[in-house]
Amino acid sequence: LLIEKSTFVNISDCVFRNITITENNAIGVLSGNGIASIQILKCTFDNISGTAIRFPIGGTTKAEDRIGILIMSACRFNNIQSNDKSLGNGVIVFHTNNAFVLANRFTKIDHNAITIGRNSTDSEEFLQKLNMVTVQGNRIDSVLGNGILICENAINPQVKDNIIFSIAYDGKGALSEQGDHGIYWQAKGGLIQNNAILYNYDGQVSGNPGSGISIRSNATVEQNSIGFCTGNGIGYYADHDSKGALTIQNNVIFENDRIVIYISSSGVSGKKPDSFMILHNTVMNNKIQALIHHSCPIAINDIERPMTIAGNYTVYNEQFNPLEHIRVLGSSSQPNMIYNVQASNTDEFDDATIGDYKLKDNSIAIDYARHGIPILLDREGRFRRGIPDAGAFEYISPVSVRESTNGLIAIHNQINVQEQKRVKHCLMFTLSGEKRDILFFQDDQTLSFWFTNDVPMGMYICRIQFLDESYREITVIIQR
């Protein structure tokens, strides 16, 4: 289905099945040029030989061929195969103002599941850029190439809340020289947030090992869970130009075959990030490689830029020398390394055997990271109170509230209460009627309050206002 020069297109509940592209590798089963707005909703692409969706057609740079807004949601891609003329890609989008790829399912893709942007000459890249991109809530599994590829001309893209697993499932992958990755990132800036990336098998049979997230430029990489990759959990290589800082924070990364967080510019010449921040990650690995530093938790190699490594919790199982946890290699400048916790076992986590890396109440990481760097939230979006805990998770006691005859007693300036109704706002009143706001966070079961140290000890009334405009009042006693 080829669409050209349209104002508005809606394609819903359609099935594209048993289709082969034989002559042109620059189109998809669904393609088009010059569309002001297109919605692709709840469609199925099954048993396709070639690319399923490509906008625009070919390598056009013409303004009249540009796509305005593309929204693709709730679509299903299954068994997208390569052939002699066309690679088996799920989705390719470039030369587009705004692209939203939301809540789709990709299974058994021979090449890349999602490709955003196009690398070409400098002039073509500029003309074919994407001004706004969100790739969110997709489920991607059994892909031979990259799960998500973000190219250089995607401007400030956001890749969030995706589940990606079983990359290069044949042990070889589609890109033997480059490696195949859960997320392969070349854009200058943007956000990689709250993605789960598990099981990259690349290199087990042949080719290069694959990473969970391979960053070749810069971004904010936060709150991701990454495990069981043959390569790095998060790897940075300086072969694409960067603009700004590379920040890696609040990630949980475990049981990968190579260095878990690896920052390297060895042998490459791209413009490097202005600075590097590796903050409050929980990193666990086993010694798999013959050389001990080849599978250590964090390593930097030939990086001559300002770098801060702070507040991380690193576990290198059965490796008792803390100097083996964070390695500085090659010509790297000495980073600012402060308030990191090193351990040789997982005893201080709730249950690492099932991937639960939250802190136990006896962990030395609690209130450890006195570095003064403003880290407001933890891996689950909870506020970090007072002195932050090392690692990705801020410890919240399951019994952080005591009952008294007069009210609830705050423990460590904090109260957790069971509350499933959605909260709109919270206020706190002294007994004389003075009012102030309260910091709060809510998940599915629990409502948590934080009281700053400047709140005097005493008794207060907390008023909780819900979205339905009803409210609840509880009495709180702050003791220190």
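Welcome to this predicted model.

**Salt bridges**

- Lys-358 has a charged partner in Asp-356, and their side chains meet in a salt bridge with an N to O distance of 4.0 Å.
- Asp-356 is partly exposed too, because its relative accessible area is 21%, and buried means under 20%.
- Another salt bridge joins Glu-394 to Arg-384, whose closest N and O atoms are 2.8 Å apart.
- Glu-394 and Arg-384 both lie in the loop between strand E36 (356-359) and strand E37 (401-403), so this pair ties together parts that are ten residues apart in sequence.
- Are Glu-394 and Arg-384 buried or exposed? Both of these residues are buried.
- A further salt bridge brings together the side chains of Asp-468 and Lys-421, at 3.3 Å from N to O.
- This pair links distant parts of the chain, 47 residues apart: Asp-468 sits in the loop between strand E44 (458-466) and strand E45 (471-478), while Lys-421 sits in the loop between strand E39 (414-418) and strand E40 (423-430).
- Lys-421 is partly exposed, with 36% relative accessibility.
- Asp-356, Lys-358 and Glu-380 belong to one network, joined by salt bridges that share partners.
- The count of salt bridges comes to 13.

**Nonpolar cores**

- The largest nonpolar core has 76 residues, and those touching the most other members are Ile-38, Phe-45, Met-72, Phe-77, Ile-116 and Ile-263.
- Strand E3 (residues 30-41) gives the most to this core, contributing four residues.
- Which residues is Ile-38 in contact with, leaving aside its neighbours within four places in sequence? They are Ile-3, Val-9, Ile-11, Phe-55, Ile-67, Ile-69, Leu-70 and Ile-71.
- There is also a second, separate core of 19 residues, with Leu-408, Val-423, Ile-464 and Ile-474 among them.

- Strand E22 (residues 225-229) and strand E25 (residues 252-254) run parallel and are joined by three bridges.
- Within this pairing, Ser-225 has Val-252 of E25 as its bridge partner.

Technical notes:
Residues are numbered from 1 along each chain as its sequence is written. This is a predicted model: local features need pLDDT of at least 70, side-chain atom pairs count only at pLDDT 80 or more; totals for chains, interfaces and linings use all residues. Side-chain values use heavy atoms; hydrogens and water are left out. A nonpolar core is a set of buried Ala, Val, Leu, Ile, Met, Phe, Trp, Tyr and Cys residues joined through side-chain atoms within 4.5 Å. Buried means under 20% relative accessible area, exposed over 50%, partly exposed in between (1.4 Å probe, protein chains only). Helices (H or I, at least four residues) and strands (E, at least two) are DSSP runs, numbered from the N terminus. Contact means heavy atoms within 4.5 Å. Two strands pair if DSSP finds at least two bridges between them.
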